[in-house]
Amino acid sequence: AKKISIFDLVQMKAKGEKIAWLTSYDYPTAQFAQKAGMEMLLVGDSLGMCVYGYNGTVPVTMDQCICHSEAVRRGAPNCFVVGDMPFASYQISDEDAVMNAARFLKEADVDAIKLEGGVRITSRIKAITEAGINVIGHIGLTPQSSGQLGGHKAQGRTAETAKLVVEDALAVEEAGAQMLLVEAVPPEVTEYIWKTLDIPVLSIGAGPHCDGQLLIVSDLIGQFQAFTPKFVKKYCNVAEVITNAMQEYVKDVKAVKFPDQDKYCYHMVEGEEDKFK
Ligand code: KIV
Ligand code: NA
């Protein structure tokens, strides 16, 4: 298989082929995703909640994002891997934003970076794309500013606020972004954006009328326990599978059923020990 580039994704849009995108934070999950046929992976700052147990994404650091991006890149050498810029890595200045975006490429070999915001962030998008880095915009529900939004809430549900979301979409494309992610807005708003923009538009909780879907892997596999957003489809329940397996192990240890003498033990040998067996 060959590595997926931005041109492949643009071509998929042109042909009407939908793009499958999933978050991933570690090496084994990235391997599974590539094997499953995922075109894109996002090393989301959602790792703060899904892997580190924070309440939100605000505490996540650049170093954490880089470490997890490296692991994902190693697990999925052919996927289009996107590094997610954490809070305060691009809010301060264009210079800061370019330097941190560049770290993702230099240290983790990602294919693009993603940052939150539309109109208010156009100068950053322009600076990063001018540095030669693929940028994916992210509008609608933007979790890093959930304080201002009053929580993790759907956006653009009235004519007035929908207009603001559309203005953000136009601003992201105008600033030079290669793709746009729309989160938690009504499907008709996404559809309007999709029909208006030239760049690929992807959805997370923003309906089917666009070029592809993103989900958080911890939601998809039933691993994240704190809450489940309305837009999530759980495809399996690994929390149950893993907990059951661990319970069995605990039981076996207590009952001295594990390890079985014959099956799971090294037996004494006569004469020389063979170090290579
Ligand atoms: O961090 C993340 O996983 C994200 C998605 C929720 C869009 O940014
Ligand atoms: Na994010």
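Which residues surround ligand 1? They are Thr23, Leu42, Gly44, Asp45, Ser46, Asp84, Leu181, Glu183, Ile204, Leu214 and Ile216, where a residue is near a molecule if its C-beta atom, placed from the backbone, lies within 6 Å of it. This is a predicted model, in which local features need pLDDT of at least 70, side-chain atom pairs count only at pLDDT 80 or more, and totals for chains, interfaces and linings use all residues. Residues are numbered from 1 along each chain as its sequence is written, while chains are lettered from A and ligands numbered from 1 in the order in which they are written.

**The chain as a whole**
- The protein chain has eleven helices and eight strands; helices (H or I, at least four residues) and strands (E, at least two) are DSSP runs, numbered from the N terminus.
- The C-alpha trace spans about 80 × 40 × 35 Å along its principal axes.
- Of the 277 residues, 42% are buried, a term for residues with 20 or more other C-beta atoms within 10 Å of their own, C-beta atoms being placed from the backbone.
- Among contacts with a separation of 6 or more, 58% link residues 24 or more positions apart; a contact here is a pair of residues whose C-beta atoms, placed from the backbone, lie within 7 Å.

**The annotated sites**
- An unreviewed UniProt entry annotates Asp45, Asp84 and Glu116 as "binding site".
- Those residues are spread over 72 residues of sequence, yet they cluster in space, with a largest C-alpha distance of 11.1 Å.
- The unreviewed entry also gives Glu183 as "active site".
- UniProt positions follow the numbering used here, feature names are shortened, and annotations may be inferred rather than shown by experiment.

**Around the ligand**
- By class, the shell of ligand 1 holds five nonpolar, three polar and three charged residues; Ala, Val, Leu, Ile, Met, Phe, Trp, Tyr, Cys and Pro count as nonpolar, Asp, Glu, Lys and Arg as charged, and the others, Gly among them, as polar.
- Asp45 sits in the loop between strand S2 (40-43) and helix H3 (47-50), and it is buried, with 30 other C-beta atoms within 10 Å.
- Not counting residues up to four places away in sequence, Asp45 touches Thr57, Val60, Cys65, Asp84 and Pro86.
- Glu183 belongs to strand S6 (residues 179-183) and counts as buried because it has 23 C-beta neighbours inside 10 Å.
- Beyond its neighbours up to four places away in sequence, Glu183 has contacts that include His138, Gly140 and Ile204.

- Glu116 lies in strand S4 (residues 112-116), and is buried with 24 other C-beta atoms within 10 Å.
- Five of the five residues of S4 are buried, so this strand is largely enclosed by the rest of the structure.
- Ala112, Lys114 and Glu116 point one way from S4, and Ile113 and Leu115 the other way.
- Strand S3 (residues 80-84) runs parallel to S4 and is joined to it by three bridges; two strands pair if DSSP finds at least two bridges between them.
- From S3 the chain crosses through helix H5 (residues 94-108) to S4 in a right-handed β-α-β crossover, meaning that, with the strands pointing away from the viewer, the path from the first strand over the helix to the second runs clockwise.
- S4 also pairs in the parallel sense with strand S5 (residues 135-140), over four bridges.

Terms used. Buried ≥ 20, exposed ≤ 12 C-beta atoms within 10 Å, placed from the backbone. Contact = placed C-beta atoms within 7 Å.
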